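Trainee: I have a model open and would like to go through its packing. Where do we start?

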Amino acid sequence: MVLPLIRTLFFIYTEKLQFHILPSIISPDPTNIISTKPQSTMETGNSTQEHSQTKKNIFILSGQSNMAGRGGVRNHHWDAAVPPECLPDPSSVLRLDAHLHWQPAREPLHADIDAKKTCGVGPGMSFANAVKERVGVIGLVPCAVGGTAIKEWARGKHLYESMVRRAKAAAGHGEIKAVLWYQGESDTSSQHDAEAYKVNMETLIHNVRLDLHSPSLPIIQVAIASGGEKYMETVREAQKSIDLPNVVWVDAKGLELGLDNLHLTTGAQVQLGHMLADAYLKHFGSTQQPISYPGDCHESRDL
């Protein structure tokens, strides 16, 4: 009887000792509690709520790897170099993450969307930074996935349905202004795919506009600059020959490619973002004139 009682008393004593001593060991200054992890989580939650309440001008970024961004990626590693044109602006440029939460946009925009590949710099941030002063708060919705052919973006397929779901979620916090589309390299490997590209792209445009209840939704395509040489021009001509209202294109041909001869370099992605910005402001940005950038030599083209 005596031994168990001694053990019980000893346990109570040590528990009281820990209660009084451990707080001073862990946090000598009680004010340190402010910077603990739970507080950071709370701050992030408040910030997310503020971003959600801001009305946004929404742009859907879709297609394959050159829209997702491979600028600065080599041997499955991104060099983390972010040009000034792509720096974050938390008050003006936001992105919808994979969990449908708004957060400050930063490179790589598609890291949690094209998650099976290594993402780097794409055209989205340079585009957003170029138009934000004239358009207002920007909400980017990354949807691009590398290595995908246009048939994988057909209605009912996972990629298409995910894009539409994300676009609808974003639309609850603003207005969808345009879809920026850069895809087609994966359709250059066979004559059948290349020759079917125009019909497939026109069908995609029709379906997106219908499902988003926006019959005049602007679509800005990028005419591809790489892919299988044998049928690349077939796809390019298909892209440039689409004759639908509010569909324009910019040409990536001539922009610098990386060592893989497939993906645009970081500098080329910055240029492409500027080209997309010029195209949007020229064709869909009211009466405002397109902006110019030192060193850019490509212009957007309408059909």
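Mentor: With a definition: axes are lines fitted to C-alpha atoms, for helices over the stretch in contact, and angles run from 0 to 180 degrees between N-to-C directions. Keep in mind that this is a predicted model.

Trainee: At what angle do helix α5 and helix α7 pack, and how far apart are their axes?

Mentor: Two packed helices are described by the angle between their axes and the distance between the axes. Take α5 as residues 158–171 and α7 as residues 197–211. The angle is about 35 degrees, and the axes are 11 Å apart.

Trainee: Which residues of α7 do Tyr160, Met163, Val164 and Lys168 of α5 meet?

Mentor: α5 passes α7 in a right-handed crossing. By class, this contact has five nonpolar, one polar and two charged residues. On the α7 side, the residues met are Leu204, Asn207, Val208 and Asp211.

Trainee: Is Asn66 buried or exposed?

Mentor: Asn66 sits in helix α3, residues 65–68. Its side chain reaches the backbone oxygen of Leu262 at 3.2 Å. Its relative accessibility is 0%, and buried means under 20%, so Asn66 is buried.

Trainee: Which backbone oxygen does the side chain of Gln183 reach?

Mentor: Gln183 lies in the loop between β7 (174–182) and α6 (191–195). Gln183 is buried, at a relative accessible area of 0%. Beyond four places in sequence, its contacts include Gly63, Gln64, Tyr197 and Thr148. At 3.1 Å, the side chain reaches the backbone oxygen of Thr148.

Trainee: How far apart in space are Ala68 and Val145, C-alpha to C-alpha?

Mentor: Ala68 belongs to helix α3 and is buried, with a relative accessible area of 1%. Leaving aside neighbours within four places in sequence, Ala68 is in contact with His110, Asp114, Cys119, Gly120 and Ala144. Ala68 and Val145 are 77 residues apart in sequence. In space, the C-alpha to C-alpha distance is 6.4 Å.

Notes:
Residues are numbered from 1 along each chain as its sequence is written. This is a predicted model: local features need pLDDT of at least 70, side-chain atom pairs count only at pLDDT 80 or more; totals for chains, interfaces and linings use all residues. Side-chain values use heavy atoms; hydrogens and water are left out. Helices (H or I, at least four residues) and strands (E, at least two) are DSSP runs, numbered from the N terminus. Buried means under 20% relative accessible area, exposed over 50%, partly exposed in between (1.4 Å probe, protein chains only). A polar contact is a pair of N or O atoms within 3.5 Å; within protein, one must be able to donate a hydrogen and the other to accept it, and residues adjacent in sequence count only if both atoms are side-chain atoms. A crossing is left-handed if the near helix is turned anticlockwise from the far one by less than a right angle, and right-handed if clockwise. Contact means heavy atoms within 4.5 Å. Ala, Val, Leu, Ile, Met, Phe, Trp, Tyr, Cys and Pro count as nonpolar, Asp, Glu, Lys and Arg as charged, and the others, Gly among them, as polar.
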